[in-house]
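Colleague: I have a model here and some packing questions. Could you take me through them?

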Amino acid sequence: MLQRFQYAAPTTRDELLGLLAERKGKARLLAGGTDLLVNIRNGVMKPELVINVKKVQGYSGITWSQSEGLILRPATTINDVLRDRQVRELFPLLSECAHDLASYQIRNRATVIGNVVNASPCSDMAPALLCLGAKAVIASKRGEREVPFGEFFKGVKKTVVQDDEILERIVVPASSAGARGLYRKLKRINGHDLGIIGVAVMKKDGLVRLGISSSAPTPVLVDGLGEKDDIETIVAAARKAISPISDVRCSKEYRQYMVEVFVKRLFAEVE
Amino acid sequence: MMQVRVTVNGRVFERDVEEHQTLLRFLREDLGFTGTKEGCGAGECGACTVFLDGKTVNSCMVLAVEADGSSIETIEGEAKEGKLSVIQEAFDRHHAVQCGFCTGGMVMSVRELLQRTPKPSVDQIKEGIEGNFCRCTGYQQIIEAVLDASGQKELADKGGLKHA
């Protein structure tokens with residue numbers, strides 16, 4: 001049984017931003033609910049007001065254009081990303097990460113924006129967004145601001161998004177279209193599981209970026225590498241960027257080791 | 001309290017519901033559709049899987065108020081006019097049911113899988129049911145049942161375990 005809360009389902013952006021400003025810190029946004037409702041159930045979150053964002057006009061769907069890039073919105077689900085042909089063709093790394101997130105039913109409901117604002121170190125969408133140079137467009141009654149994903153995560157379950165704000169759009173720049181990439185997640189079982197570690201490798205125009213999950217307090221971006229770098233340089237950069245811990249899933253040494261193994265394998269596999 | 005109007009297996013229901021009520025509890029306790037089960041209550045086990053506007057969801061992680069205006073299908077709607085569906089018959093034939101707790105949700109996920117992939121491979125079946133835990137059968141019989149239900153009886157019979 002969930003604890004009591006009030007519920008609102010605004011249909012306009014103004015109404016939503018007004019509620020957030022008014023109930024600052026006492027409200028929580030509901031998109032897929034696959035993290036929020038579990039957190040409420042476990043008593044981790046005790047919102048007075050739950051605001052459903054899915055009915056707000058203009059908050060769903062995926063759009064792509066050369067001038068604006070790829071835009072994901074608050075109600076864009078993981079399966080929306082997987083079903084989108086243009087995402088598959090132009091940003092295959094996004095599809096790779098989406099495919100490894102939870103189970104089919106959860107992918108039907110969970111959103112890309114929810115996955116990143118939840119800010120778990122094991123976020124599956126973060127490695128792709130970090131590698132692709134995506135930015136978060138964050139809105140409130142005070143206005144709009146843009147934050148690159150490299151500066152978005154501030155700690156375990158912490159982001160730059162303030163109490164009166166909503167991450168309203170994820171913009172993946174057109175300059176990242178055509179980037180090749182793979183994501184691999186080490187799990188205890190083949191199916192639906194949280195990652196022990198996850199590594200994404202992206203190559204584009206001679207540049208190499210790594211996105212690493214479950215290996216530091218936040219998902220990690222490793223930038224400034226090139227396709228001509230030898231593999232030891234790439235692995236050393238990954239090792240330097242992560243700070244894994246030991247927990248119920250495995251030891252920090254194992255995480256460190258497997259990140260290196262996955263970086264080596266994926267670097268060779270991404271054509 | 002808020003008023004909610006939903007269609008479940010083709011029947012319309014209007015009820016007052018608490019804002020914090022999950023769709024799962026609403027279906028089970030207010031409307032009496034107890035074929036949908038609560039296993040973990042946290043999106044791990046899939047026993048609460050139902051169709052919400054044509055897409056499978058874990059009903060333990062949906063609020064009843066979010067479903068206002070929606071069409072829902074549960075395991076109670078699977079058999080039509082007293083006749084089991086193709087999937088249910090295949091589950092029966094292959095002993096894909098033991099305690100039955102996962103079966104309602106499992107059948108929902110299988111139906112969704114077969115709608116999108118009419119002849120799934122074993123790997124596609126495993127992926128299609130990855131969000132549904134079964135602690136009795138070891139999945140083998142379920143996979144065989146899905147192969148059979150999708151017109152791949154020969155593959156199902158080669159599955160290694162023989163029943164019936």
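Modeller: One definition to start: angles under 35 degrees count as roughly parallel, over 145 as roughly antiparallel, 65 to 115 as roughly perpendicular and the rest as oblique. This is a predicted model, where local features need pLDDT of at least 70, side-chain atom pairs count only at pLDDT 80 or more, and totals for chains, interfaces and linings use all residues. Residues are numbered from 1 along each chain as its sequence is written, while chains are lettered from A and ligands numbered from 1 in the order in which they are written.

Colleague: How are α2(B) and α3(B) oriented to each other?

Modeller: Helix α2 of chain B spans residues 86-93, and helix α3 of chain B spans residues 103-116. Their axes (lines fitted to C-alpha atoms, for helices over the stretch in contact) are 10 Å apart. The angle (0 to 180 degrees between N-to-C directions) is about 125 degrees. The two helices, α2(B) and α3(B), are therefore oblique.

Colleague: Which residues of α3(B) does α2(B) meet?

Modeller: Contact means C-beta atoms, placed from the backbone, within 7 Å. From α2(B) come B:Ile87, B:Gln88 and B:Phe91. In α3(B) they meet B:Thr103, B:Val107, B:Val110 and B:Arg111.

Colleague: Which strands do the buried residues of α1(B) pack against?

Modeller: Buried means 20 or more other C-beta atoms within 10 Å of a residue's own. In α1(B), residues 23-30, the buried ones are B:Leu23, B:Leu24, B:Arg25, B:Phe26 and B:Leu27. They pack against two strands of chain B, β2 (11-17) and β3 (49-52).

Colleague: Which residue just after α1(B) takes a positive phi?

Modeller: Look just past the end of α1(B). The phi there is about 85 degrees, and the residue is B:Gly32.

How values were computed:
Buried ≥ 20, exposed ≤ 12 C-beta atoms within 10 Å, placed from the backbone. Helix = DSSP H or I, 4+ residues; strand = E, 2+ residues; numbered from the N terminus.
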